[in-house]
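Please read the points below alongside the model.

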Amino acid sequence: GAKLEFIFDNTRPLGLNLMAGTRYKIWAEAYQEFNVGESDFFVFGLDYRKYIKIHRNLIWANRFSYSTSVGNRKLVYFMDAVDDWLVFGGDQFDFDQNIDRTQGYYFQTIATPMRGFIQNVRNGNSFALFNSELRWPIFSYFSQKPIKSDFIKNFQVIGFTDIGSAWTGPNPYSEENSFNTRVVTSGGASTIVRLENKKDPVVGSYGFGLRSKLLGYFVRFDYAWGVEDGIIQDPIYHFSLALDF
C-alpha cells in the first residue's frame, strides 16, 4: 500500500472552532494484495476549507470535499448526517436506497456532513459535497471582559447549508446511478420488477445549530431540514462531539 498527501494550512485561531484563513488537503491512496488477483484499490480526494473573518470573531466557514474510488475493489461512500454523532433524531440508516452490489465494493465510509437526512440518502464510489456555516460566538462577541466559563465563552450559534451527492458512474446524472433503480421482488424470486425513478441526484439541507464546550468536550447540536427533489423534508436533529465540519 501507498498514500501520498499534499497539505496546505495558513489558518490562524480566533477561538475554539473559530479561525481565519485557508487549509486544504489533496491525496491519493493505492492498495494491492500481492498474492490475490484483481485486488487493486485506488482512492483520490480533495478537502478544501476557507474561513472568512466577517467581524471580530464572527466567521463564515466553507468547505468543499470530493473523493472517488476506482479499481477492482472500491470504496462505497454513504452520504449522511454528521461525524461522531451520539444522538440521532430518527432511524440511523435508509435501507430503501439501492446499493449497486456489482461495483466490487470492498470498503465503506461516510461522506459528511449532510444534515437533515439519515445515513445512505445517496451512495456510490464517488461523492462531492459543499458545506457553508456562519459561526457566531454571541457572548464573547459582545463581551468587553474575559469570560471565565468555558461553556459561555465558547457558546456559538450556527446557521448552515449543505449540498452534495454520491454516485456511481462517470457523473451524478449518469444512468448507472443505483439510486435511480429500485428492485421489487414478489413471490420469492419468481417475479422481479425493476422500477426506474429519475430522482435528482443532488440533495441539500439547511438549518441552525448550537456549539459549546461542556465537561471538556466540544458538543454540537444541529437541527436541519433536508431538501430532496425540491421537497423540504421533516426536520431531523443531530447531537455530536466534533470540531469544525
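pLDDT is the predictor's confidence in each residue, on a scale from 0 to 100. The chain has a mean pLDDT of 90, and 91% of its residues reach 70 or more. This is a predicted model, in which local features need pLDDT of at least 70 and side-chain atom pairs count only at pLDDT 80 or more, whereas totals for chains, interfaces and linings use all residues. Residues are numbered from 1 along each chain as its sequence is written, and side-chain values use heavy atoms, with hydrogens and water left out.

**Overall architecture**

- The chain contains 2 helices and 17 strands; helices (H or I, at least four residues) and strands (E, at least two) are DSSP runs, numbered from the N terminus.
- Among the elements of the chain, strand β1 (residues 2-9) has the highest mean pLDDT, at 98, and strand β13 (residues 191-196) has the lowest, at 60.
- Taken along the principal axes, the C-alpha atoms of the chain fill a box of roughly 75 × 45 × 30 Å.
- Of the 245 residues, 44% count as buried; buried means under 20% relative accessible area, exposed over 50%, and partly exposed in between, with a 1.4 Å probe and protein chains only.
- Among contacts (heavy atoms within 4.5 Å) with a separation of 6 or more, 65% are between residues 24 or more positions apart.

**The largest pocket**

- Rolling a probe the size of a water molecule over the atoms shows where empty space is left.
- The largest pocket has a volume of about 370 Å³, where a volume is the space filled by probe spheres set on the points, and grid points are joined across faces, edges and corners.
- Its lining comprises 22 residues, and Trp27, Tyr77, Thr109, Ile110 and Phe127 lie nearest the centre.
- At least two lining residues come from each of β3 (18-31), β4 (41-55), β5 (58-70), β6 (74-79) and β8 (105-111), and β4 gives the most, with 5 residues.
- By class, the lining holds 11 nonpolar, 4 polar and 7 charged residues; Ala, Val, Leu, Ile, Met, Phe, Trp, Tyr, Cys and Pro count as nonpolar, Asp, Glu, Lys and Arg as charged, and the others, Gly among them, as polar.

- Tyrosine 51 lies in strand β4 and counts as buried because its relative accessibility is 2%.
- The side chains of tyrosine 51 and aspartate 244 are joined by a polar contact of 2.5 Å; such a contact is a pair of N or O atoms within 3.5 Å, and within protein one must be able to donate a hydrogen and the other to accept it, while residues adjacent in sequence count only if both atoms are side-chain atoms.
- Not counting residues up to four places away in sequence, tyrosine 51 touches a set of residues including Thr11, Met19, Arg23, Trp60, Arg135 and Phe245.
- Serine 69 is placed in strand β5 and is buried, with a relative accessible area of 0%.
- A polar atom of the serine 69 side chain lies 2.8 Å from the backbone nitrogen of leucine 75.
- With residues up to four places away in sequence left out, the residues that serine 69 touches include Phe41, Val43, Tyr77 and Asn125.

**Loops and backbone geometry**

- The peptide bond from threonine 112 to proline 113 is cis, with omega near -5°, and proline 113 is found in the loop between β8 and β9 (122-124).
- Glutamine 119 also has its place in the loop between β8 and β9 and counts as buried, at 17% relative accessibility.
- The side chain of glutamine 119 makes a polar contact of 3.2 Å with the side chain of aspartate 80.
- Glutamine 119 and glutamine 92 are 27 residues apart along the chain, and their C-alpha atoms are separated by 5.9 Å.
- Alanine 81, in the loop between β6 and β7 (85-88), has phi near 40°, a positive value in a residue other than glycine; alanine 81 is buried, with a relative accessible area of 0%.
- Aspartate 229, in the loop between β15 (217-228) and β16 (231-232), has a positive phi near 55° and counts as partly exposed, at 39% relative accessibility.

Notes: 1 Å grid on protein atoms, 1.4 Å probe; cavity = no way out; pocket = protein on both sides within 12 Å on 5 of 7 lines; lining within 4 Å.
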